Amino acid sequence: MSIFKLKENGTNVKTEVLAGITTFLTMIYIVPVNSHIVSNTGMPLEALITATALITIIASALNGLFANTPVAMSVGMGMNAYFTFSVCIAQQIAWQSALGAVFLSGFIFLILSFTNFRLWIIRNIPKDLRLAICAGIGCFIAFLGLQKMGIIVKNDATLVGVGNFKDPSVLFGIFSLILVVFFWALRLRAAFILGVLLSSLTLWVLAFYLLENYGVKLNIEGAIFPNEIFSLPNFSRENGLGAIVFELDIKSALSVAMIPVILTFFITQLFDSIGTITGVGARGRIFDKPVEGEKKLGKTLMADAASSVVGACVGTSTVTAFVESTTGVESGGRTGLVAIVVACCFALTLFLLPLFKAIPPNAIYPVLVMVGILMFMEVKNIDFSDSAIAVGTFFTIIMMPLTYSITSGFAFGFISFLLVRIFKREWSKINVGIVVLSLISLGNFLLIALN
């Protein structure tokens, strides 16, 4: 265990293992949730279940061994929704091309990880705008979750409206959401996966009982009890991992039309990674030592970026550090051994394919809503007393769900922020970073207009 320097970091094997198991329990939900979300692109569900588990193992183990920090990594919530609904569905971009964009954004991030670019971003992009992007993505994915559950539906008169609460699927979705919120409110470590599994089990038992005793079949997708719980991982070319691994199309992603998509993946991953990793580090004072701390931070960001490149090859959207890693840090975890334990635990999920496959969609989407709520909570740290910040953050947050696009959201935000600074002649508060991102945002709108 000398590689992890346990004594130097004031910890031991028992503490690290317990911290790893704690982190695993808080983030295991990502396997069924990500798989069901991304399957809307047309990618096989079984393949995605295997790919999600596999990239979590690879990314967490890479960070544990390379950076020696207790940060677990997996497919980023928010970015998987953007990948699915904004890129593949709304823009009708093939998932192979979208994976190519993920690869390119991760590769750019990886190259820049060897430079001081992250420090330049932190110094030049106001913290409030970075928080607004997080909150905006939260609104966006919560909106998507409510929409997929049928709680919010299209309305020709008002654009959106309330769904049909007589629909059994909608009622089941509400029941699942209540369970997830209930377990989260109790501060249970495994709140999300408990909500998903308990609501699913309730539906399976009810469906089985009604069918066996009354011959009544519940009109809810996935309301059939799974025939088995365990199986070997599916690596087949038909509907297993072989159907999506190395299927990314980098050539088609190298086009002018894909620039906004690549930039969105890159910028969001950059802000999310910096915010999450520094936040997790602050809980355990992991990056406090001037030289060693900066080196650990840099290596963790490199592992994050490299994992996204690998993830695109495996068949997943952007990989990033998970904020759930804070639970492990709060349990005493201080080294990369925590991430290794997480990777080992996720290896077990490779054999739970039948269980994850049988989970009803409306047991999954409430987690999207709850994650959205947690991301939106970042608004509490925004300084609304600054007029430019107030306008910029408002447009960033509100325009993401309204335009169904994370790209458009931060484009509106950066441009409006810059305009208010110009209107008030606050030249000293305008820097190169803001100007560059605003020009990129204008270029995005120009591309939309030309198309």
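Predicted model: local features only at pLDDT ≥ 70, side-chain atom pairs only at ≥ 80, totals over all residues.
At 5% relative accessibility, Arg421 counts as buried, because the cut-off for buried is under 20%.

Arg421 has a partner. Its side chain meets that of Asp386 in a salt bridge, 3.0 Å from N to O. Asp386 sits in the loop between α16 and α17, Arg421 in helix α18, and the two are 35 residues apart. Asp386 also counts as buried, at 17% relative accessibility. Salt bridges with shared partners join Asp386, Arg421, Lys424 and Glu426 into one network.

How many salt bridges does a search of the whole structure find? There are 7. One of them pairs Lys357 with Glu46, with the closest N and O atoms 2.4 Å apart. Lys357 lies in helix α15 and Glu46 in helix α3, so this pair ties together parts that are 311 residues apart in sequence. Lys357 is partly exposed, at 40% relative accessibility, whereas Glu46 is buried, at 12%.

Another salt bridge is formed by the side chains of Lys289 and Glu292, at 4.0 Å from N to O. Glu292 is partly exposed, with 38% relative accessibility.

Now the largest pocket. Its space comes to about 1700 Å³. The lining has 44 residues, and the closest to the centre are Arg283, Val323, Thr326, Leu374 and Glu378. Which helix gives the largest share of the lining? That is α11, with 10 residues. Other elements supply at least two residues each, among them α7, α9 and strand β4. By type, the lining divides into 22 nonpolar, 12 polar and 10 charged residues.

Technical notes. Residues numbered from 1 in each chain as written. Heavy atoms only, no water. 1 Å grid on protein atoms, 1.4 Å probe; cavity = no way out; pocket = protein on both sides within 12 Å on 5 of 7 lines; lining within 4 Å. Points joined across faces, edges and corners; volume = space filled by probe spheres on them. Helix = DSSP H or I, 4+ residues; strand = E, 2+ residues; numbered from the N terminus. Nonpolar A, V, L, I, M, F, W, Y, C, P; charged D, E, K, R; others polar. Buried < 20%, exposed > 50% of the residue type's maximum accessible area, 1.4 Å probe, protein only.
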